[in-house]
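This report describes the packing, strand pairing and charged contacts of one protein model. The sequence and structure come first, and the description follows.

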Amino acid sequence: MVPAKVGTMTRPVAFGLNVDPNTGGLAIAARFAAIADAAGLEYAGIQDHPYNPDFVDTLTHITWLAATIDVLSGGRFELGLGAGALHDAIAGMGGPRRTVTEARQALSEAVDVIRASWAGEPFRYAGQHYQVPDAQPGPRPAHDVGIWLGVAGPRAVRLAGAKADGWSVSAPYVPPPRLAELGDILTESARKAGRDPDRIVRLYNVMGLITPESRDMFHGPKERWVDTLTTLYTDSGMNTFVFWPSGDRERQSRIFAEGVVPAVREALASD
């Protein structure tokens, strides 16, 4: 596969499917995960919003999926974190109501605390938002779990570059024209922190439909999708794509996994 043009990107392209933890759709979720597994996709993405009454507990959902089809076991779990965008919902569940700056600072501290707890050694932490007086953590994870940050503002993207293993954004909130600028910020921040920017997962959640008519870059036939994703990889520096179909979800997921993904891999390999 060719490297992307943005920065010094050399990470190979990867793909996944969105698997919502809907209370009434556990059997459907298992089928989506099975599609991803059978097609050789690297990820199944599951959002975590505990204040959403229509969602089951995400970590329990992941455990159930792994026990059923083994799609998320074997060291394939990565942790996605954010600063928390729905402030009223967070406060409604007893969480602190923070400013944007405070939320970003708390996220930075949370990364530090989580990494320390995964090290498997006693530790202490005294931050502005989190205090850990004397932690005795359990055993280390089976593999080095990556921490991915779902952030879109320049300051928060700098945090991702300095501390995170992955950066995750969604097309409706970060449209393609913004990706290169934010990607450069991510790269610069990683280098300033003495980190290799090529090792950072740059995940793009793409929402749309695979349709006979070509309406825009996220609504069109398979060939349009192949062009969209290869361009986002080579020109915008994104290296991982998770598909969120906006309708006809199971059929669309299968078309993406079995048709679009192999064609994108082939297109990148042949360049």
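## Helix H8

H8 (residues 249-270) has 22 residues and spans 30 Å from its first C-alpha to its last, close to the 32 Å expected at 1.5 Å a residue. The expected span of a helix is taken as 1.5 Å times one less than its number of residues. Helices (H or I, at least four residues) and strands (E, at least two) are DSSP runs, numbered from the N terminus. At Phe-256, H8 bends by about 35°; the bend at a residue is the angle between axes fitted to the seven residues ending there and the seven starting there.

The model is predicted: local features need pLDDT of at least 70 and side-chain atom pairs count only at pLDDT 80 or more, while totals for chains, interfaces and linings use all residues. Residues are numbered from 1 along each chain as its sequence is written, and side-chain values use heavy atoms, with hydrogens and water left out.

## What H8 packs against

Buried means under 20% relative accessible area, exposed over 50%, and partly exposed in between (1.4 Å probe, protein chains only). The buried residues of H8 are Gln-252, Ser-253, Phe-256, Ala-257, Gly-259, Val-260, Val-261, Ala-263, Val-264 and Leu-268. They pack against strand S1 (14-18), helix H1, strand S8 (201-210), helix H7 (222-234) and strand S10 (240-245).

Phe-256, the residue at which H8 bends, is also one of its buried residues. Leaving aside residues up to four places away in sequence, Phe-256 touches Phe-15, Gly-16, Leu-17, Ile-210, Leu-229, Phe-243 and Val-261. Contact here means heavy atoms within 4.5 Å.

## Nonpolar cores

A nonpolar core is a set of buried Ala, Val, Leu, Ile, Met, Phe, Trp, Tyr and Cys residues joined through side-chain atoms within 4.5 Å. The largest such core has 54 residues, and those with the most contacts inside it are Phe-15, Leu-149, Trp-167, Tyr-204, Leu-229, Phe-241 and Phe-256. H8 supplies the largest share of this core, 7 residues.

A second, separate core has 7 residues, among them Ala-14, Trp-148, Val-201 and Trp-244.

In S1, 5 of 5 residues are buried. Ala-14, Gly-16 and Asn-18 point one way from the strand, Phe-15 and Leu-17 the other way, and all are buried.

Two strands pair if DSSP finds at least two bridges between them. S1 pairs with S10 in the parallel sense over 4 bridges, and the partner of Leu-17 in S10 is Phe-243. S1 also pairs with S2 in the parallel sense, over 3 bridges; here Asn-18 stands opposite Gly-45.

S6 and S7 run parallel and are joined by 2 bridges. Leu-149 stands opposite Trp-167 in S7, and both of these residues are among those with the most contacts in the largest core.

In helix H5 (residues 154-163), the buried residues are Ala-156, Val-157, Leu-159, Ala-160 and Gly-161. They pack against helix H4 (100-118), strand S6 (147-149), strand S7 (166-170) and helix H6.

## Salt bridges

The whole structure contains 10 salt bridges, each defined as a side-chain nitrogen of Lys or Arg within 4 Å of a carboxyl oxygen of Asp or Glu. Arg-265 and Glu-42 form one of them, at 3.2 Å from N to O. This pair links distant parts of the chain, 223 residues apart: Arg-265 is in H8, and Glu-42 is in the loop between helix H1 (26-38) and strand S2 (43-45). Arg-265 is partly exposed, with a relative accessible area of 21%, and Glu-42 is partly exposed at 26%.

Lys-192 and Glu-188 form another salt bridge, their closest N and O atoms 3.3 Å apart. Both lie in H6 (residues 176-192), 4 residues apart, or about one turn of the helix. Lys-192 is exposed at 68% relative accessible area, whereas Glu-188 is partly exposed at 43%. Arg-251 and Asp-248 also form a salt bridge, with the closest N and O atoms 3.2 Å apart; Arg-251 is partly exposed at 49%, and Asp-248 is partly exposed at 45%.
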